[in-house]
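Hi there,

Here is the structure I promised to pass on.

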Amino acid sequence: MRHHRTTRALVLGLILGLITPAAVLAARGDEPGRGDTVTRDEIASVVAELARLRGEVDALRGELRRLRDGRERADGVAVTPGPAAAAAASQPQPVDPGLDMLRTQVEELAQTRVETQSRMPVRLFGAIVSNTVVNSGDANWLENPNIVGAGAAGVQEGSMTSTLRQSRIGLNVGPIPLGTATVHGTVVADFMGGTPGFVTGSVMGLPRLVYAFARIEGERTALQIGQDHDLLAPRDPTSLAAQTFPLLFRAGNLYLRSPQVRVEHRVGRLTLKGGIAAPVAGDANSFYTFAPPAGEGERSRRPAVESRIDYSAGTAESAGEFSVGVSGRHGWRTPRAETVSTTSYAVDFNARWGRLGAAGEWFRTDDAAEFGAAVAQAWPAHGGWLEGRLALTSRLSANVGVGIDRVRDPVPAGSRQENRSAFGNVVFDLTPEVAMAMEYRWLETTLGRSLARRDNHHVNATFVVRF
């Protein structure tokens, strides 16, 4: 029995030595004294190790108990601990300070984690976005304008406001194993869904669905179902101030999120994408409705068809990178009794050489009002945008760009014939989670056959906290 007690003491001592902070530091490849900051992954690793060691200790205790019982039965006597052993067992054992710290951090994580009924991993993320803006002209959207209006007679132009309606909140679910593939889910909402009919409704932004999709991803092929950026011209200029709609929207930058089903397949540096999308035609009523009626796209009774080919070389971590994409979309709409089809296509690119970068897009469409083309009118149009970037330091960057949207042969005398915009911004990342920016935009909208031009100078101070 003395031999068994000695064996048990050695085993327990070895286990306690394995789970000390020195062992944690050794697992990290650090030397003692280099800092006591422990990451969540390290805490999770230590918790898993503790669970494994606890199971081994229980197994060893059971084995020792069986050996002891067998020895006692063989000797015919019961063995009881001596006075010294009983006194030692009654004394409180010292707690390693490293283990106490780990236990505290694990308890904090357990209190703040997000759980689901299915016990699948869920991550909460989002951003608090503050915009303080000044407009010199008649801006259609104060915090993120894209069209300059004609203004009202007798009303002074210009505006100033501060808002947090571009703040976002979202959830990521997964990875969920599915054979050799994994499933991920994402849902994101912001507060640009309008304002309630109340005297101070401007500070009560309503939620708006932005993204909601599930993605099944294998080694080379992925299937995605849900609402996401459409395949037609998905690239956007760089801006911290434009979160809800991208910069240069309606001035050369096509943009639409819609329900869709698409398949992606990687072949070397090429990525092939194709799918069908909901028949959105951009003709919904401009007032609140609980159950929107069928529009021109829905009345066509068929989905839009989209495709895209991407070529990419290099990554964000490499010294340089280059990517180019070609995309197209074919849709149908039924404005009256006859169904008509529309075709749109675009080319976009992104390039970076060290601290210098550039990106751009060019498009042509028969009618893509749902993407903001033709300055949000049901007419043929063409246009595009171009951006230059400079990384001044690892935290400070400057970006400039221009965009234009030209409508081909507009008929109504009061229609918007052209929309131009130019921008410049400086973005400073205080930390990976906290950033601020100053942005200037110039917008010019040409109205009607008389070529009346209206412009707006927009200044936007942005502060963002990501989580």
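Below are my notes, from the whole chain down to one residue.

Some ground rules: this is a predicted model, where local features need pLDDT of at least 70 and side-chain atom pairs count only at pLDDT 80 or more, while totals for chains, interfaces and linings use all residues. Residues are numbered from 1 along each chain as its sequence is written, and side-chain values use heavy atoms, with hydrogens and water left out.

**The chain**

You'll find 7 helices and 17 strands (DSSP runs numbered from the N terminus: H or I of at least four residues for helices, E of at least two for strands). The chain has 467 residues, and 36% of them count as buried (under 20% relative accessible area; exposed is over 50%, partly exposed in between, with a 1.4 Å probe and protein chains only). Take the contacts (heavy atoms within 4.5 Å) with a separation of 6 or more: 60% of them are between residues 24 or more positions apart.

**The cores**

A nonpolar core here is a set of buried Ala, Val, Leu, Ile, Met, Phe, Trp, Tyr and Cys residues joined through side-chain atoms within 4.5 Å. The largest has 14 residues, and Leu 232, Ala 346 and Phe 363 are among those touching the most other members. Helix α7 (residues 373-376) gives the most to this core, with 3 residues. Another core, of 8 residues, lies apart from it and includes Phe 125 and Tyr 211.

**The pocket**

How big is the largest pocket? Its volume is about 1,800 Å³. Its lining has 41 residues, with Arg 208, Phe 245, Ala 284, Asn 285 and Ser 286 nearest the centre. (A pocket is an open set of points on a 1 Å grid over the protein atoms alone, where a 1.4 Å probe fits, with protein on both sides within 12 Å along at least five of seven lines; lining residues have an atom within 4 Å of a point.) Strand β7 gives the most to the lining, with 3 residues.

Is Val 459 buried, exposed or partly exposed? It counts as partly exposed, because its relative accessibility is 35%. Val 134 is 325 residues away along the chain, yet the C-alpha atoms of Val 459 and Val 134 are separated by 5.3 Å. Setting aside neighbours within four places in sequence, Val 459 is in contact with residues including Thr 132, Val 134 and Tyr 440.

Cheers!

Technical notes. Points joined across faces, edges and corners; volume = space filled by probe spheres on them.
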